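Look at the chain below as a whole before turning to any single residue.

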Amino acid sequence: MNGLWNQINLATEWLTASSQWHGEEGIPHRLVQHLYYAGSAMLLATVIGLALGLLVGHTGRGGFLAASLANLGRAIPTIGLLLLVITVVGVNPLPVIVALTALAVPPILVNTNEGVRSVDPDAKDAAQGMGMTGWGVLWKVEVPMALPLILLGLRTAAIQVVATATIAAYGGLGGLGRYIVDGLSRNDYQLVVGGSILVVLLAFVVQLVFTVLRRLVVSRGLLGAAKSS
């Protein structure tokens, strides 16, 4: 226990040292790199996952294919995919973004599909009875009612991507994972613990952002139903 507290104290000293907040090796620069990899992957995964999830959930077709793709994405080792893409295109941010996108698509796709499919059929029938088209039903009825599950998928994907973006360092790139990888190679556990703390804090911030977002965009009726279920 004393050893653990010593490591935490050393990491705290490292985090609060002024030298860690300047230059290309500093925390702000590494954080921007980390956010670039994670943000780019989440943008691509959101477009792909939402589009496929909404299409499959709304039409009721292709569910088996969507589930198979999601399971395939989960089964692919992220770091293995990273190294594979690096061998093809070389060392640049693209392999990291591709690997992280493959990691993020499954939870977004699955939760979006399940959210839309779970919408009360009576609500959809009522909307159609009011003269809404298929697109109108999707955007005005299904998406708002599926929003809690959609946001859950996005939150899960975002936390996974933020935590896993540390693999960029294994591909010779930057990000917060650079501290962990370099610390392990040098047996500098102060660096490892400090980098790990930064990643955990970033994941916590992502969690907090989605908690606030959920309260802002999900109707109170749906929030109440989610709490009571």
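This is a predicted model. Its protein chain carries 13 positive and 10 negative side chains. The centres of these two sets lie 6 Å apart.

Next comes the fold. The protein chain has 10 helices and zero strands. Read from the N terminus, the order of elements is therefore simply α-α-α-α-α-α-α-α-α-α. The C-alpha trace spans about 65 × 40 × 30 Å along its principal axes.

How is the chain packed and covered? Among contacts with a separation of 6 or more, 73% are between residues 24 or more positions apart. Of the 229 residues, 41% count as buried. The accessible surface of the protein chain comes to about 12,400 Å², and carbon and sulfur atoms account for 67% of that surface.

Is R30 buried or exposed? Its relative accessible area is 7%, and because buried means under 20%, R30 counts as buried.

Which residues does R30 touch, leaving aside its neighbours within four places in sequence? R30 is in contact with E24 and E25, and also with G174, G175, L176, R178 and Y179. A further residue, L173, is 143 residues away from R30 along the chain, yet the C-alpha atoms of R30 and L173 are separated by 10.0 Å.

Technical notes: Residues are numbered from 1 along each chain as its sequence is written. This is a predicted model: local features need pLDDT of at least 70, side-chain atom pairs count only at pLDDT 80 or more; totals for chains, interfaces and linings use all residues. Side-chain values use heavy atoms; hydrogens and water are left out. Helices (H or I, at least four residues) and strands (E, at least two) are DSSP runs, numbered from the N terminus. Buried means under 20% relative accessible area, exposed over 50%, partly exposed in between (1.4 Å probe, protein chains only). Contact means heavy atoms within 4.5 Å. Accessible areas come from the Shrake-Rupley method with a 1.4 Å probe; for residues, only the protein chains shown count as cover. Lys and Arg count as positive and Asp and Glu as negative; His and the chain ends are not counted. The place of a charge is taken as NZ of Lys, CZ of Arg, CG of Asp or CD of Glu.
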